[in-house]
Amino acid sequence: MSERVIVITGGASGLGKCCAKTFAAQGDTVAIVDINPQLSQQTVEEIEREGGKAAFFIGDITSKSASLELLNGIIEKFGDVSVLVNCAGVYPRKPILEIEDADWELECAVNIRGTYNMMAVVVKHFLATSTGADVNGRIVNVASVDAFKAHPQNAHYAATKAAVVSLTKSFAAEFASSQILINGVAPAGIATDRAKELGFLPELTAASPLGRAAEPQDITDVIIFLAGDKNRYMTGETTIVSGGYIYA
Ligand SMILES: NC(=O)c1ccc[n+]([C@@H]2O[C@H](COP(=O)([O-])OP(=O)(O)OC[C@H]3O[C@@H](n4cnc5c(N)ncnc54)[C@H](O)[C@@H]3O)[C@@H](O)[C@H]2O)c1
């Protein structure tokens, strides 16, 4: 695979970190976009120790102007962007009748607006730099199986992830004629540090036909496919990776 620059939002930790390390291990240059400087630095240091190439860019994707500044910083450092993985997301749980305005604002700002902002600035870059190649850029959005299945334990989160699935389709339809491939992945529970800390994995494991939560690498490998040269004909499609939970 020739030198690609992969932008990963939420790349400092959890699933995004696993993606960052995996892309870097296969020779891609990784640009981590995150609000957490300490974890971002740790992840970049790990990648560099393992011989990979990465840098981090601190900023808040809930702001469109900040998203544009982040992109400009990445282009200034690495010259181009080939792939965007929108992995940043928040998922604090609230009982369905207790979701307050501030809860909605946080979930919508990060999960929906942040995903939109980064897609918008990166797609503009893809359009401006299009070379007429067969594929002029790829985007992978991290949704959740909760977009497709009732999730009363975290209804506002599930609604934002349904919005991510919708945005994936709208962007894909709008830019298919420009040969930009925009897809999503919809995981069930992933054993990330954050998910472990929030304590809901035992409940998800019990509901999983495979009897376990996903490891970050299980989901990363699907993202790698969607973001890679072997994906030539999928666009607008959100792939459910739930260990059978969607059917259970
Ligand atoms: N862990 C699970 O069980 C699970 C299941 C399905 C889907 N997901 C989705 O996977 C993604 C990653 O989840 P995770 O468990 O790795 O979480 P995580 O908390 O480990 O990682 C999320 C990262 O996003 C960053 N971030 C948060 N707000 C940001 C902002 N405004 N701007 C920039 N960066 C920001 C955080 O600093 C963090 O590094 C999320 O979108 C989540 O909704 C997770």
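Let me start with a working rule: a residue counts as near a molecule or strand if its C-beta atom, placed from the backbone, lies within 6 Å of it. With that in hand, we can look at the ligand. There are 29 residues around it, and Gly-10, Gly-14, Gly-89, Thr-192 and Arg-194 come nearest.

Before going on, a word on what we are looking at. This is a predicted model, where local features need pLDDT of at least 70, side-chain atom pairs count only at pLDDT 80 or more, and totals for chains, interfaces and linings use all residues. Residues are numbered from 1 along each chain as its sequence is written.

Back to the ligand, then. Which helices supply at least two residues each to the shell around it? They are helix 1 (14-25), helix 4 and helix 6 (193-198), and helix 1 gives the most, with three residues. When I say helix or strand, I mean a DSSP run, numbered from the N terminus: H or I with at least four residues for helices, E with at least two for strands.

Now let's step back to the whole protein. It has eight helices and seven strands. The C-alpha atoms fill a box of roughly 50 × 40 × 35 Å along the principal axes.

UniProt, in an unreviewed entry, lists residues 4-188 as "domain: Ketoreductase". UniProt positions follow the numbering used here, feature names are shortened, and annotations may be inferred rather than shown by experiment. That span is 48% helix and 18% strand, and its end C-alpha atoms lie 29 Å apart.

On to the sheet. Strands of a sheet pair through backbone hydrogen bonds, either parallel or antiparallel. Here, seven strands form an open sheet in the order 3-2-1-4-5-6-7, with parallel pairing; two strands pair if DSSP finds at least two bridges between them. At the edges sit strand 3 (53-58) and strand 7 (238-241), each pairing on one side only. Four bridges join strand 1 (residues 5-9) to strand 4 (residues 83-86), and Ile-8 stands opposite Val-85 in strand 4.

Two helices lie across these strands. Helix 4 (residues 101-128) lies across strand 1, strand 4 and strand 5 (138-142), at about 175 degrees to strand 4. For those angles, axes are lines fitted to C-alpha atoms, for helices over the stretch in contact, and angles run from 0 to 180 degrees between N-to-C directions.

Let me finish with two residues.

Gln-179 lies in the loop between helix 5 (155-175) and strand 6 (181-187). Gln-179 is partly exposed, with 16 other C-beta atoms within 10 Å, and its phi is near 60 degrees, a positive value in a residue other than glycine.

Definitions and conventions:
Two residues are in contact if their C-beta atoms, placed from the backbone, lie within 7 Å. A residue is buried if 20 or more other C-beta atoms lie within 10 Å of its own, exposed if 12 or fewer, and partly exposed in between; C-beta atoms are placed from the backbone.
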